[in-house]
Structure formats: structure tokens, C-alpha cells
Amino acid sequence: MQGPRHEWNAEPPERNCTLQDYQGATARWCPGCGDHAVLNAVQQLARDKQLPPEKTVVVSGIGCSSRFPHYMKTYGFHGLHGRAFPVACGVRSRRPDLHMFVVTGDGDCCAIGTAHWIHAIRYNMDLTILLLDNNIYGLTKNQTSPTTHIGEKSNTHPRGNVLPPLNPLSVTLGITNASFVAQTIDWNPPHLYSTIRTAYEHKGTSFVRILQRCPHFTAHVFAEVQQNMNQVCLLTHEDGIPLDAQFQRLFPNRAMHNPNDLPAARAMAQRDEVYPVGLLYRNESAARYDLQTAQGLGKSQAEKMAATEKWLSRFEL
Amino acid sequence: MPTSIADAATAKPAGAVQIVGQHIVEIVSDSGEGAQTCGQMFADLCAHNGNGIWTVEIIPAEIEPPSRSRAGASGNRIRLGSKPVTNAGDCADVVVALNEQVLYSRIDAGALHAGTAVFVDRTWAENADEAVRRRYAEAMEDFARFGYAVVEVPIEAECRKHTDDPKKGKNMWVLGLLCALYDLPDAGVRDNIAKRFAKKGDTVVQKNLDLFADGYEWAIAHVERRYRVPADKRTQPMVVMNGNQALALGVMAAGIEVCSMYPITPATSASHFLANALQEAGGFVHQAEDEIAAIGFAIGASYAGKTAVTITSGPGLALKTEFLGYAVMTEVPLVVIVVQRGGPSTGLPTKIEQGDLLAALYASPGDSPKIVMAPATIEECFYFVITARKLAEEFRGPVMILSDANLATGQQPFPKPQLRSSWLAPPVDQAPWDSTVPPFAWDAETGLSRRPIPGQRGGEYVLTGLAHDQASHVAYESAINQKSMEMRSRKLAVLQAALRPPAIHGEPEGDLLVIGWGSTLGSIEEAVDELRSEGRLVSSIHLRFLSPMEPGLKSIFQRFRKVMTVEVNYSDPIDAPYITPEARRYSQLAQLLRSQTLIDIDCWSQVPGSPIPPSRIAAELRRRLELQGKEN
């Protein structure tokens, strides 16, 4: 799969980007943090797709996972807490030529940025959204997040969280015009890679929730899942996330799920005894706002002036 | 019965035509009766005639408030003159009211004085409801007592000759009346009416033309005193528009392709205009999910190479402040237009105030130096956007334009701008970037630097709101933070060095210098001229740049015995309980100037929700001069 997508010939490619060409500053996440795995997967995908680093933009908000752009050697936008989506939409609005990733966390996306999350899904611009969900606020040191499980103790709920967690999948699947919703886990690199790749290839907003281990604050939450893979259900389908048979065998619990079936996707998202991993939903024909906002890009200076003159003249005495 | 103006003109006129240099006319009605349309069309006619004009919208707070209620008045004030008109003026000379209750709201607002000619629809005297008839009769007694020259006009009765639904026709009838009243030639007006109603079909067009002609004829036959405001022949092409339209056209003329907004009064009409027009210039309007997303989207577009604009008002500015600080910190070019309204909180959403100056300068965490400009005329609304985009890119950061509700809805003619290609944003630079040049290669002297844009090979970097060094790497050393703060601040000093000191209206020395900013220009200068004609040594300056301020202020101030600002925002009155010089809270520009110059600058400011008329300013200036005389 490596190398540029062109007909085979004997000439060496003009430019061949290696993994190093996508590696920015040394990642300063804790050892054992699931974010490292996601970073590796995205860099590998960029290499495999030979994305020109100058044409690649990673946008994030604030939080542990939002440090992501600093560790890529592409263009990056490390923004404000909760506000990665409007920024990414603004970048995309006039730049159909860029390859775009948005990295966000459960606090960033599902708490302070909730309004933007809903509307970004509805706008359905061509963005690959990676929600790195570790069920906790890490950077600010152990506060309950919207996805923290009931009873979990944190610095803001020392006697245990009193509310059930918000389900990012069912929320996203409830938003009109959602076009791609998937879930994966950070501790299975092939599935992680394949999911991000499929999301990247989708034209529109692809939303990928990644169950991400936080060794520091929520190690026990996913350790349990990791040890008992029956708590995970691999979604299989010919239109789903491709995964080699050898890796499929790592998932004892598998279910056939048609990603074109929205009611089935919603039902699947709401299962609370297992985490469904794979592609829950895809709709290639959802309306795309970026196709609208990019109109008129080719207008010449003369055309712009003529249009302005026309509107200005309406006020002439 | 004559059916055209030509016929009407041959009818025997009731009274003589008086020549006047300027006049103020208001038309008010219940919301939905078209008084605003009538006022705008009348203003257009005056401007076409070559008169100077300034208009102010009279807007109720609700879309459809209860009829015949004082707070429901909707309409327009038009001040027309032989010379250019710079402000809405003082009391109205003529008011046309479609019912007597809405007129009370104008009386409450101080818009009338003894002698104002009042034309009021007398249909209410014959209303089926006894209470309505009684209120009308009481009002007529009041108006007579107040000294108004009341003319009871059978507006509804006349309109019924042409339409079964006079609520929808009275405004054209009144337009006819006003045209006759001001002896305006009918050239163009019939075309205007035809154009405005063309979509509704020939019958509607004809009906409105008949209403217009009937109103015209009635006035010729019945009104005793008519007026003419002579106009000079135009020597150059002129345009007439309001401030929000001028801002919107400025956006287009600047080559800005992305306008990202969230609906908020009184800013939104600028975006309405762009929603129609910008597409033809290759751009679009993004209506975001909230004010924060609106600026975030604009910053995203700017970062990717297309300097964008976001348009809002005070409460929106409050929500945008975190992103504004981000744009300062990351040096992203951005144009932020704030059309101010009354605050705090929801305040006076449709009314005039200059209350957001300090918020514009300081309402971001930490030190966030940014450029802030304030147009003082409709014409400047147009040109300032073009300047703002250039400054945003040259100085690499957000540039704010502070307009206000007075400019937003006021109409004024100005010479038609000759568009230039040099005003347009250049195409996005996608040439390779010299990778040895960091993304923040601050010039040690000026703090200026060029930015790489996504797509430029070799320029890859990560924009971050964290303290960062020249390479945009997260700063872990304290010296870097000090240095980068200094560099961002230095840019304002560099801009100031390129600006000229403000022009002085009047003599460069004297007893009193008045300082203003924004839409108060015309009122202040008119007041100053009045005092100067009385032999008083008063001058004024008007600031267009608030951050950085124009240079040379201190040396200008030192040549006057007293310096004070006049603003439409809050300050403590000097003679109120507990208000000592130490306790007194000054108006916003005064606070800035005091701290900047260490000169004891006084202020006079008011928050009536409407433009401060020149006479009130003049009266206050006289009072201050007299106080000063006593002190000496």
C-alpha cells in the first residue's frame, strides 16, 4: 500500500514522503497514553497516502489530545478549548485542496464544544474528526468528563460521578445530515489504522470515536475492556471497516452490521453491554456544505470588481 | 379629480412656498404601515434632488407591537439641507403621524418643539370605538397646548378612494404629501414606485401611483405653508446609502471573500446585504451556530489564506473575546466589525450607544494589543474596511472597526467611490516558503513578520495560542514570553508612527477643545460652530484610530485651557451625590486619554439611546465654559 497512487513505472517518484516527514516535535504525552497510538496511525496513513505535508492541516482544541498538531510535521492549528470544529470548517470553506484532520477530546468535543460538534456534523464538510475519548479531563488533572461512567471518582466528584455518561455515538447519529460514524480502540493498531483510513477516504465529515486509555487517571476503565475483549463487539460488513481475518480473530465477539442502515446504527450505538467497534453508519449522499462555500473560488480580480461596481451602482444618485 | 402630478400642479395652490436652508421631517406610524419605506423613499428623492441628507430610523423593539401604542412608533427622521448634512439635528420642523399615539413617543423623545408642524391622520376622530375617539380628542388638546401647528389630514379617508386596505397604502399617499410639501420635482419618483411594486403586478403599481398623486394633490390644495430646500447641481457621481450597506460594500471592495456572522441587531443588515451580493464577487456569508463559531470560522478561513470578516454587536463581541485574544496571540489577520448598540447585557438592542470602546480594546485575557478604528461618517464605513483588511495583513492581527447604530441605519450621500484593484486582497500565496525563515520571524525593530499559509511547502508550522517562540514552538522559557509580548505590542507603536495627528476643527488653541469619536462627528462640529459663531474659543478633534491613537494628542491638548470628550456612553455626572473627582467614572474615551496623556481631561456623555442633538452639546459646552469662567 506504500507509495504514491500512480501507474507503476521504473522512474523513482519525484517526491517520496517517509514517516519522518510527518513527525514533528517529540510527543510529550505520558508513557502508555493511547494518544501515541493514534498519532502513529495518522502518520502512517499520511505516509501511505503520500499526503504532501504542506497540504495537510491538523486542527485541534485544548486538552491532552489537542496537543496532537504539535507532533505532526504538517500545518497545524492548536486552537481554543472546544472550538476546533468552527476553525476547521473555516479552513475547509475555501480550501478544498487540503487534507484535514480534527483532533478533539471528550471534554473538548462533548462538553465545552458541544454546540459546534452538533453543527459540524450537520455541515458535513470534508473533515476527519478523531474524538480521543479517555473518559476524563487529563490536562487539568482528573475532573469528571461527560463520558465518565457513573460512580467513577474524580477531583470534581470525589464521592463518585452521579450521572450516566453521554454517548458520543448515539448523539452523533441523532444529528441530521450525519454521514460517517465509527468507533475504534487505541490498543488494536490494525483496526485503529483501518478505521482512520476509511474515515479519511470518506468525502464529508467522518466522526471517529476512539476509546483511548489514560494510564494516569482512568487506567482501570479500559484495562477491564482490554482484558475482556467480550466487552467489545467487532462490526463486520463488506461496506464496513476492512480488517484482515488474522486481526478479526482477536475479537471473539463479532456482529454483522450494515452501515447503510441508520435505525440499526442507532440501536447498535445504544447497546450498553458492549462497545461496538467498526463502522456504524455511512451516507455518501448527505449534503456537503463545503461544496457550497468553495463556489466562486476561481473568480478573477476583474470579475470581483465588476460585481462590486454593479452593487455599488445601485446606490448611485 | 386630477390623477397625475402634472394635473395636480395646475390645481390652485393653497399657500406659498418658503425657501429654507435645511429642514427636519419625521414620519411615524404603527409598525407595518410602511413609514420606514416612505421615509427612505423620501430621503432618496431628496438626495436625488441634490440635497444633503442624514436619516435616522425610528424602530420599535418588537416586530409587530400593539397598534396605536407609544412604544410602537416606527418610522424615519430625515434631515435635508442645501449643503451636506452631517447629523440628525435637533427638533423636527415637520412630523407626519399616522396616529396620535405614536406621535407621543416622539414628543417623549424630545423630537418636537413649539411650532413643529404636525400632520396627523384624523380618521381616529371618527373611529367606531369611543375610547379611540376620546384619546384622539385629548391628544389634539395636548398638541395645541404644546404649541404645535396641527393639521388634521383625512389620510385614511383619501386612501379609501383607491384601496380597501388603507394600512398598506397610506405610506405612498404620505410620500405624495411630502413631495408637495417640499416642492420636489416628481422626476424619478414615479419610476421608483413602479420599480418597488413591479413584482406585485400592474394593478398594485397603478394603485400606489394613484395614492401618491392623490397625496400630492391634497397637499397642493390644502397645505398653507410649503417649503423648498434649494439644492446645488451635482458635479460628481454620488451614492446614497446607510452605514451597514457601506460596510458591506467595503467588504466587497476589499476583496474579502468570507463573511462569518451570527444574527444580532443592529449589525445584521450588513450581512443581509452581503448574503445577496458577495456570491457574485466569489465569496459567501456563513451564518454560524453562535458568535464564537462565527469568529472561529473567520479565523480558520484567515489562517488558510483568505482574510475574513466577522460582523457583530456588543453582546457578540463579549462572546468573541477569547478568539480575539487568540488572533492577537497567533497573529492571524482578521477584520472584526462591531456595530455598537446600547448595553450592558441586552440593553437597548436597536438604539445608539458608544459603549464598547473599552471592551474592544481590553476584553480579552492578558495583554492583547489590537488595532481599533472608528468611522465617523457613512463614507468612512466604506473606506475603513478596505484599510482594515490591509492593516490586518500588514500588521498580522485582528483589526476592529467600531461602528454604531447611528451610522448603521443613517443614510448619507457621498461621492461614488472609484473602485481600485489595489484594494483587493491578492491571491493566496502558494509559492514555496524558505524553510529557514520561521513563521514568526519578528523584525527586531518593528515586530512585523510574514506568515506562511497552508499549501506553502517548507512553511509547515503549528499555530498555537500557547506562548510560543519564533518557530511557533511552545515556549518553556520565561524570556520568550516577554519577548513575544513585546513584539506584538511594538506593532501598534509602529502603526502610530505612520499615522498623522488629527485635524483640528477650529483654531489650534483656545478655551475649550472637544474630542469625539465615531458617529458624533457631525453633531459635535455643528455645536462647536455654533459656539464659535458666538465668539467663543472652542475647537474639536475627532479620533478615527482608538488603538493605537493618532499621534500628537498631548501637544494639541496643551494649547487649550480645558479639554473634554463628548460621547454617547455612560459617565457619572459631576454634580451627583457621592461623585467626587476620585469616585467619578469617566466616559470611555476620556479614561483612555487621561491615562495616555496624564492631562486632566473632562467628559460629558449621555445614554439617551438616540443621537445627541447639536443643541444639547452646545448647551453643555456653554455650561462648562461658564463653570470654567467662575473657577478662574
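The pLDDT is the predictor's confidence in each residue, on a scale from 0 to 100. In this predicted model, pLDDT stays under 50 over residues 1–10 of chain B, a stretch for which the model has 15 contacts beyond four places in sequence. For chain B as a whole, the mean pLDDT is 94, and 97% of the residues reach 70 or more. The model scores ipTM 0.96 and pTM 0.95.

The interface between the chains brings 60 residues of chain B into contact with 46 residues of chain A. On the chain B side, two or more residues each are given by the helices α2 (35–48), α9 (243–253), α11 (291–303) and α12 (314–330), and by the strands β9 (238–242), β10 (258–261), β11 (284–287) and β17 (462–464). The most is given by α11(B), with 9 residues. By residue class, the side of chain B that touches chain A comprises 33 nonpolar, 17 polar and 10 charged residues. Strand pairing also links the two chains: strand β2 of chain A (residues 75–78) and β17(B) pair in the parallel sense over 3 bridges. Within this pairing, A:Gly76 has B:Val462 of β17(B) as its bridge partner.

Chain B contains an open sheet of 6 strands with mixed pairing, in the order β3-β4-β2-β5-β6-β7. Strands β3 (52–58) and β7 (149–153) of chain B stand at the edges; each has a single partner strand, so one side of each is left without a neighbour in the sheet. From one strand to the next, the twist averages 15 degrees.

Strand β13 (residues 334–340) of chain B is largely enclosed by the rest of the structure, because 7 of its 7 residues are buried. From this strand, B:Leu334, B:Val336, B:Val338 and B:Gln340 point one way, while B:Val335, B:Ile337 and B:Val339 point the other way.

B:Val335 also belongs to the largest nonpolar core, which has 266 residues; B:Val335, A:Val102, A:Leu130 and A:Leu280 are those with the most contacts inside this core. Beyond its neighbours within four places in sequence, A:Leu130 is in contact with A:Val38, A:Phe101, A:Val102, A:Val103, A:Ile196, A:Val208 and A:Ile210. Another core, of 5 residues, lies apart from the largest one and includes A:Ile136, A:Tyr137, A:Cys214 and A:Phe217.

In chain A, helix α2 (residues 84–93) has 10 of its 10 residues buried and is therefore largely enclosed by the rest of the structure. Among the buried residues of α2(A) are A:Phe85, A:Cys89, A:Arg92 and A:Ser93. By contrast, A:Thr236, found in strand β9 (residues 232–236) of chain A, is partly exposed because 17 other C-beta atoms lie within 10 Å, whereas burial requires 20 or more. Not counting residues up to four places away in sequence, A:Thr236 touches A:Arg254, A:Met256 and A:Gly278. A:Thr236 and A:Arg254 are 18 residues apart in sequence, and their C-alpha atoms are 6.9 Å apart in space.

Note on methods: Residues numbered from 1 in each chain as written. Chains lettered and ligands numbered in written order. Predicted model: local features only at pLDDT ≥ 70, side-chain atom pairs only at ≥ 80, totals over all residues. Contact = placed C-beta atoms within 7 Å. Helix = DSSP H or I, 4+ residues; strand = E, 2+ residues; numbered from the N terminus. Nonpolar A, V, L, I, M, F, W, Y, C, P; charged D, E, K, R; others polar. Pairing = 2+ DSSP bridges. Axes fitted to C-alpha atoms, helices over the stretch in contact; angles between N-to-C directions. Core = buried A, V, L, I, M, F, W, Y, C linked by C-beta atoms within 7 Å. Buried ≥ 20, exposed ≤ 12 C-beta atoms within 10 Å, placed from the backbone.
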